[in-house]
Amino acid sequence: ALAIIAPVIFSGYSELDKGNTAPTYLEAAQHHQSAARRLPWRADLYELAGHEYYYAKEYALAEASYQKAFQRHALSAEGWVAWGDVHYWLGDAERAAEIWEQGLGQPNPSENLYSRLAQIYKEKQDYAKAAEYLQRYVSNHLLDASAHYRLGLLLTLSDPQTALSELINASQLDPELDPAVQT
């Protein structure tokens, strides 16, 4: 049994090394995915391959890798963000939103999920929900002037006083936003 298993494990680590030194994202992804198949205890390699496919703009392959990482409970907080991004870039905003919502239910979710969901709800013209998610994002990114500005714009319809406060905060954080805030 050892004579059969040892070469498989060795080839898995060899693929991992090749993936770490590959000259392109596509080649790295292929090596890391191959390593993940040979090293079943390294399910995190599926997410890594997904990221590399994502950077290579091979979104369908990235989605398949993220799906495998999900099935093996190996998605990190940033993996949830990237998996939703892949669906968004593939034109399936509904599925992207589902993934990001599910990602929020995970332990220690990425704060970037709030920003992504705010954008989705803004596109759907559900401004109240968009503002709610953007407020959660801003509460963790106090120095993000752009987020404060976007939140201020969203709140102008429902809460003008808070909107004004957010817009002023944005212009104080980034003076280049001042003309837009004044308008």
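Buried means that a residue has under 20% relative accessible area, exposed means over 50%, and partly exposed lies in between (1.4 Å probe, protein chains only). With that in hand, let's walk through some close-ups. This is a predicted model, where local features need pLDDT of at least 70, side-chain atom pairs count only at pLDDT 80 or more, and totals for chains, interfaces and linings use all residues. Residues are numbered from 1 along each chain as its sequence is written, and side-chain values use heavy atoms, with hydrogens and water left out.

**Figure 1. A salt bridge joins Asp85 and Arg116.** A salt bridge is a side-chain nitrogen of Lys or Arg within 4 Å of a carboxyl oxygen of Asp or Glu. Side chains of opposite charge can pair when their charged atoms come close. For Asp85 and Arg116, the N to O distance is 2.8 Å. Asp85 belongs to helix H5 and Arg116 to helix H7, so this pair ties together parts that are 31 residues apart in sequence. Helices here are DSSP runs (H or I, at least four residues), numbered from the N terminus. Arg116, with a relative accessible area of 26%, is partly exposed.

**Figure 2. Helices H5 and H7 cross.** Look for H5 at residues 77-89 and H7 at residues 112-123; their axes come within 9 Å and cross at roughly 25°. The two helices are therefore roughly parallel. Which residues make the contact? From H5 come Glu78, Trp80, Val81, Asp85 and Tyr88, while H7 brings Asn112, Leu113, Arg116, Ile120 and Glu123. The crossing is left-handed. Axes are lines fitted to C-alpha atoms, for helices over the stretch in contact, and angles run from 0 to 180 degrees between N-to-C directions. Angles under 35 degrees count as roughly parallel, over 145 as roughly antiparallel, 65 to 115 as roughly perpendicular and the rest as oblique. Left-handed means that the near helix is turned anticlockwise from the far one by less than a right angle. Contact means heavy atoms within 4.5 Å.

**Figure 3. Arg38 and Glu15 form a salt bridge.** How many salt bridges does a search of the whole structure find? The search finds six. In one of them, the side chains of Arg38 and Glu15 meet at 3.6 Å, N to O. This pair links distant parts of the chain, with Arg38 in helix H2 (residues 25-38) and Glu15 in helix H1 (residues 2-21), 23 residues apart. Arg38 is partly exposed at 31% relative accessibility, whereas Glu15 is buried at 13%.

**Figure 4. Asp44 and Arg42 also meet in a salt bridge.** Their N to O distance is 3.0 Å. Asp44 is partly exposed, with a relative accessible area of 36%. Arg42 is partly exposed too, with a value of 25%.

**Figure 5. Glu63 is buried without a salt bridge.** Glu63 sits in helix H4, which covers residues 59-71. Which side chain of opposite charge is nearest to Glu63? That is Arg95, 5.6 Å away. Not counting residues up to four places away in sequence, Glu63 touches Trp83, Val86 and His87.

**Figure 6. Helix H9 is largely enclosed by the rest of the structure.** H9 spans residues 145-155, and eight of its eleven residues are buried. These are Ala145, Ala147, His148, Tyr149, Leu151, Gly152, Leu154 and Leu155. What covers them includes H7, helix H8 (127-140), helix H10 (160-173) and helix H11 (178-182).

**Figure 7. His73 and Gln125 are found in loops.** His73 is in the loop between H4 and H5. Its phi is positive, about 55°, although His73 is not a glycine. His73 is exposed, with a relative accessible area of 76%. Gln125 is in the loop between H7 and H8, and has a positive phi near 65°, again in a residue other than glycine. At 59% relative accessibility, Gln125 counts as exposed.

**Figure 8. Glu101 lies in helix H6.** H6 runs over residues 93-104, and Glu101 is partly exposed at 29% relative accessible area. Leaving aside neighbours within four places in sequence, Glu101 is in contact with Leu117, Tyr121 and Tyr133.

Terms used
Lys, Arg positive; Asp, Glu negative; His and termini not counted.
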